[in-house]
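Me: I would like to go through a structure step by step. Please show it first.

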Amino acid sequence: MRDGAFTTRRPGLVARLFGTLRLPLNDPFAVCGLLIYGIFLVTAVFADQIAPYDPTEILYTPEYDLAADLLPGEEGHLLGTTSLGRDIFSQIVYGTRSALLIGITAAFMVALIGSVVGLVSGYFGGWVDAVLMRLADIAFGIPFLPFVIVLAAFLEPSIWNVVLAMALVLWRDTGRVIRSQVLTLRSRGYVDAARVSGSSDLKIILRHIAPNILPLSFLYGSIAIGWAILTEASISFLGFGDPQSISWGYMLQDAFASQALAKQAYYWFVPPGICIILVVSAGFFITRGYENLLFPKLGK
Amino acid sequence: MTETFLSVRDLKVSYRVGRGSLDAVDGVSFDVPRGSIVGLVGESGCGKTTVARALTRVMADNAFISGGRMLFDGRDLAALSERDMNALRWREIAFIPQSAMNSLDPVYTVEYQLNEVLRLRGGLGRAQARKRCEELFEMVGIEVGRLRDYPHQFSGGMRQRVAIALALALNPKLVIADEPVTALDVIVQRQILDQLRDLQRQLGISVILVTHDISVVAYICDRTVVMYAGHVAEQGTMEATLTQPSHPYSMGLRNAFPDLQGAASGVLTPIEGAPPSLADPPPGCRFAPRCPFSIEVCASVTPPQVEVEPGHFAACHRAGEAPALRERARHVSTWMAEA
Amino acid sequence: MSHLKAAASRTLQLALVLWAVVTILFLMFRLMPGNPLAAYIDPTFTVEQQEALMAQFGLDRPLWEQYFIYLGNLLQGELGQSFRYREPVAERILALLPNTLVLTFSSLIIAYAFGILAGAYLAWRRGSAVEQAAIPLVLTTRAMPEFWLGMVLLAIFSFWLGWFPAGGTRSAGAEFDSLFALYTSGEFLTYLALPALTLAIYSQGLPLLLMRSNMLDVMKEDFVTMARIKGLSNWTVVVRHAARNALLPVMTSFAIAVGYQLQGNVVVESVFSWPGLGRELVNAVSASDYPLAQGAFLMIALVVILMNLVADMLYTLLDPRVGHA
């Protein structure tokens, strides 16, 4: 290779990836959503530094009484304590971790499986397409939340049940949308041109089709983050979550079971709900920004 | 010439775009004699549809009439209150749209949509409306039995007949037809145009026919108004404007279309270039940048309407030399050289 | 004729989906870790009961044979015995289904009535401050965990203000001759109010957003412009033409929403101790009452699949363009 080749360096992989994703940075709602994600991400990473207590630690007052049901501000507890004497603020901070962990892995799985199914189904067509789309029909016939509950009954309680269930069922929406997108792309001239010029299927998919569906995958991925967090919260609330890991859904279950409603302990069960709403709507806002970008007609 | 029935004077229609506005129609004047068919012809974007819609005063959200008068039977449509204007709509001024497919509501039967105008706008009772529906269908040559069908069950030509029936429902004085046959094939075009002309003669109504197709004008119109970039380039009787065009644009337009009989009158030659941007129109004659005969004055002075013969006007600085220019315009090379 | 044919092929397709779901469920209950017999037979049953069930489900036979016995039982509506209640699963589920349906439909009817009107209103006020504020607010309601909304409403309206009871469908000791008598009693409404409101707040976003975007699209259609050129009144243009067309997909989405709502019910019924299918599923899974859990799941899946079919049928029924072409 000649030296000159190095002077025209292509932008780095990360920069190119971000370029392909086409983040909707000109939409105020989307920017707001990305900002919320950013704040929660920082909280999750630095949870150890931010949280004043271990979220599962049972705390005592200086008088050696159980520090239970303290109101916000009492004894320096920002959001008070639970009936078991745990610090609510610390639980919120650590809850961010499991929420994002589940949200992002599940969204990644859903977007990945959905995109691959959509790509293969749309590109190859024929019986492959028929089989995959019948599978999608079946997935549409499965009631999702009941499915997660039944699955949870057979597996060890774990936060990964939700990820598994989502990967098994929720690829259906992404798959269908990506498939129809691929069908449109495939009918464009340049794909035929590439085929005539002897490019392999894999090369055509990777070079000509995949980059064009990536924003759509990302769009469905950001919807799936919200779904995953909501589902995890529901499952934990119903008592099928992992009792060892603190999540917002677990906090709500704990509050509900500990009569927080009758005690009017809003400081206990309102903050986790707000956090869930913030993260999930952040996903929606980013989605909306994307829709304006991808389907300009919808926004106007 | 019979009495003038509609008289448009210095009509100006503007669109709000961003913070500014552009004039899609800028100082258009023409007359419609009672009982005649006037063809409003020009390329897409020349403002002909905007003129047609301005006459109904139902325009795009960002469009407004910014000047001029539209004297209709003694009343100025531009100055009427919305209430008075609405009273005129369909009872006196009806409309035939380009695509009857999109202009008929897909979820109602054709009878329902006829009844709607007959009863809500015409004040007819149930029995009268029913009778009138059948009458109208007979008039446009569709079996009465098909009244109960939905729009999508008709063919393109049939739907256009339904649109004509709908337009004639309340015996209007003026019918505005916006590209009424553009979406149809040539044979059906002729059938529909024949029918339109027969009904127009029979009922004595006036028609403004908006089209980009000069062969449609040649087939059916009594008078022609040629529009270019929001201005009137030339107007006069159909014979005069088509056989003796006096504006270079009309000469070029005639070269660019086959006639409706199917026989091409020589080689089809498109006019090179595209109409100017209305947001920033050129000074002087708007056709000058594309005109093979433009001279110095064309680029700076807007040409006045010159009466080349009685009732035949052309907005061209060289209208006086029209016969010589016409001769040169017949040659393909005249239009190519300028490209 | 093609109309009927399309409906028949769609029905067949959904029947296949149902069969697939049933099969997946069979495999899940068989391949789970531990004793396969545990799926159907509670060790605390009497020996006679155990043997009867062994025979009924063919639990001593090979897997494929068990599968056909299982399918045969299902076709006869035979879902086994509940471990906890010692009564046929089918009976118990059919007894709970009406409660779930009443909750689902009442909340969805509220949600759709509100969503359609508000969506049309927002389309009409496009670009206004009201619309700018309303859209993020609506998106926020979609981002709420339904059970959390239920908890907040319970804490405020039941525990604090005392306006509504905290859960269930009737006060302790109240007896009604029939379900109909229960559902038409005034007291039932106070029990229904909070859970129905919770689900309605969550569900109104879908019809609202759908109606709004459809209205915006339809208002740009030529036939709406034509209706104005015809001089028809604003009401006729907006309601008879624009709204009538915009409503089509919204009405179709109602059936789909019933399916989604049933899933949401699982959590909300638990919050309000509403004796319905969803709460039963949760309780059955918690108590390892597998036959009951399986039955409840199948019932929910059946309604979801049926509603997909109804959505298709509604579409052909409401839109004259489909089915004639």
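Predicted model: local features only at pLDDT ≥ 70, side-chain atom pairs only at ≥ 80, totals over all residues.

Me: Which element of chain C has the highest mean pLDDT?
Reply: pLDDT is the predictor's confidence in each residue, from 0 to 100. Chain C averages 83, and 90% of its residues score at least 70. Elements here are DSSP runs numbered from the N terminus: helices (H or I, at least four residues) and strands (E, at least two). Helix α7 (residues 179-183) of chain C has the lowest mean, 72, and the highest, 92, belongs to helix α10 (residues 222-229) of chain C.

Me: Which chains share the most contacts?
Reply: Two residues are in contact if their C-beta atoms, placed from the backbone, lie within 7 Å. No contact joins chain A and chain B, and their closest C-alpha atoms lie 14 Å apart. Two pairs of chains are in contact, and the most contacts are shared by chains A and C.

Me: Which element gives the most residues to the side of chain A that touches chain C?
Reply: This contact takes 35 residues from chain A and 38 residues from chain C. Elements of chain A that give two or more residues include α6 (126-141), α11 (201-237) and α13 (266-294). With nine residues, the one that gives the most is α13(A).

Me: How many nonpolar residues has the side of chain A that touches chain C?
Reply: Ala, Val, Leu, Ile, Met, Phe, Trp, Tyr, Cys and Pro count as nonpolar, Asp, Glu, Lys and Arg as charged, and the others, Gly among them, as polar. That side has one charged and seven polar residues. Its nonpolar residues number 27.

Me: How many helices has chain A?
Reply: Chain A has zero strands. Of its 300 residues, 47% count as buried, meaning that 20 or more other C-beta atoms lie within 10 Å of the residue's own; exposed is 12 or fewer, partly exposed is in between, and C-beta atoms are placed from the backbone. The number of helices in chain A is 14.

Me: Why is helix α12 of chain C largely enclosed by the rest of the structure?
Reply: Among its buried residues are Leu277(C), Arg279(C) and Val285(C). What covers the buried residues of α12(C) includes α7 of chain A and α4 (89-124) of chain C. Helix α12 (residues 277-286) of chain C is largely enclosed because its buried residues number eight of the 10.

Me: Which residue takes a positive phi in the hairpin of β11(B) and β12(B)?
Reply: Strands pair if DSSP finds at least two bridges between them. Here three bridges join β11 (residues 306-309) of chain B to β12 (residues 312-314) of chain B, and the strands run antiparallel. Val306(B) stands opposite Ala314(B). Two residues lie between the strands, and the one with a positive phi near 80° is Gly311(B).

Me: How far apart do the C-alpha centres of the two domains of chain C lie?
Reply: Domain bounds come from an automatic or database domain assignment. Chain C is divided into domain 1 (2-75) and domain 2 (93-318). Their C-alpha centres lie apart by 32 Å.

Terms used. Residues numbered from 1 in each chain as written. Chains lettered and ligands numbered in written order.
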